[in-house]
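Have the structure open as you read along.

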Amino acid sequence: KSYPKNRQSNRQNPETTSQAHQPTVLRSLHIRHLTGRDPDTGLFPPALLAQFRQALAQGASELQRDGYTLQDVTHIVFTLTGTKDFTSSFSLLNELFGHSCPATTFRLVRTYDKPGQLIELDLMVRQARS
């Protein structure tokens with residue numbers, strides 16, 4: 001199975017570990033470069049929250065293709081041009097990830113190559129299966 005450049009999965013060659021004499025298979029998926037670009041217009045909404053919602057919707061769709069949901073995300077990377085308006089997304093983060101509470105990394109960039117882009121997300125899933 002071929003994945004687009006922004007996806008990396010070990011589904012066909014999962015990592016195996018042995019803990020307490022129980023073999024455990026670690027499945028992982030890393031979805032990169034999720035942006036808030038509107039798929040219909042090709043433009044970025046002016047507000048950070050709108051871009052964040054669009055990037056999450058795109059990520060949820062990508063996760064679903066591999067049998068995961070946003071609640072399965074174990075690590076999320078936010079790449080932002082600034083943190084000033086990020087507090088507007090706290091309620092959405094709590095609503096979607098409140099119970100699962102994924103690890104979070106923030107990266108700041110001066111600017112993006114695409115005019116109007118304010119945020120980019122990476123979503124990672126890593127699950128143990130016996």
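Q: To begin with Phe-78 in this predicted model, which residues does Phe-78 touch, leaving out those up to four places away in sequence?
A: Phe-78 touches Phe-52, Phe-86, Leu-93, Thr-104, Thr-105, Phe-106, Arg-107, Ile-119, Glu-120 and Leu-121. Contact here requires heavy atoms within 4.5 Å.

Q: What makes Phe-78 stand out in the largest nonpolar core?
A: That core has 23 residues, and Phe-78, together with Leu-63 and Leu-121, touches the most other members. At least two residues of the core come from each of β3 (22-35), α1, β4 (75-80), α2 and β6 (119-129). The largest share is that of α1, with 5 residues.

Q: Why are helices α1 and α2 called roughly parallel to each other?
A: The axes of α1 (residues 48-65) and α2 (residues 90-97) cross at roughly 20° and come within 11 Å. Angles under 35 degrees count as roughly parallel, and α1 and α2 are therefore given that description. Their crossing is right-handed.

Q: Which residues make the contact between α1 and α2?
A: From α1 come Leu-49, Phe-52, Arg-53 and Leu-56, while α2 brings Leu-92, Leu-93, Leu-96 and Phe-97. Sorted by class, this contact has 7 nonpolar residues, 1 charged residue and no polar ones.

Q: Why does Leu-49 count as partly exposed?
A: Buried means under 20% relative accessible area and exposed means over 50%, with partly exposed in between. Leu-49 has 23% relative accessibility, so Leu-49 counts as partly exposed.

Q: Where is Leu-49 placed, and which residues does Leu-49 touch beyond four places in sequence?
A: Leu-49 lies in helix α1. Not counting residues up to four places away, Leu-49 touches Ser-88, Ser-89 and Leu-92. Leu-49 and Leu-118 are 69 residues apart in sequence, and their C-alpha atoms are 9.5 Å apart in space.

Q: What makes Ala-103 partly exposed?
A: The relative accessibility of Ala-103 is 41%, so Ala-103 counts as partly exposed. The cut-offs of 20% and 50% are what this value is set against.

Q: Where is Ala-103 placed, and with which residues is Ala-103 in contact, leaving aside neighbours within four places in sequence?
A: Ala-103 belongs to strand β5 (residues 103-108). With those neighbours left aside, Ala-103 is in contact with Thr-74, His-75 and Ile-76. Val-77 is 26 residues from Ala-103 along the chain, and 8.5 Å separates the C-alpha atoms of the two.

Technical notes:
Residues numbered from 1 in each chain as written. Predicted model: local features only at pLDDT ≥ 70, side-chain atom pairs only at ≥ 80, totals over all residues. Heavy atoms only, no water. Axes fitted to C-alpha atoms, helices over the stretch in contact; angles between N-to-C directions. Helix = DSSP H or I, 4+ residues; strand = E, 2+ residues; numbered from the N terminus. Parallel < 35°, antiparallel > 145°, perpendicular 65-115°, else oblique. Left-handed = near helix turned anticlockwise from the far one by under 90°. Nonpolar A, V, L, I, M, F, W, Y, C, P; charged D, E, K, R; others polar. Core = buried A, V, L, I, M, F, W, Y, C linked by side-chain atoms within 4.5 Å. Buried < 20%, exposed > 50% of the residue type's maximum accessible area, 1.4 Å probe, protein only.
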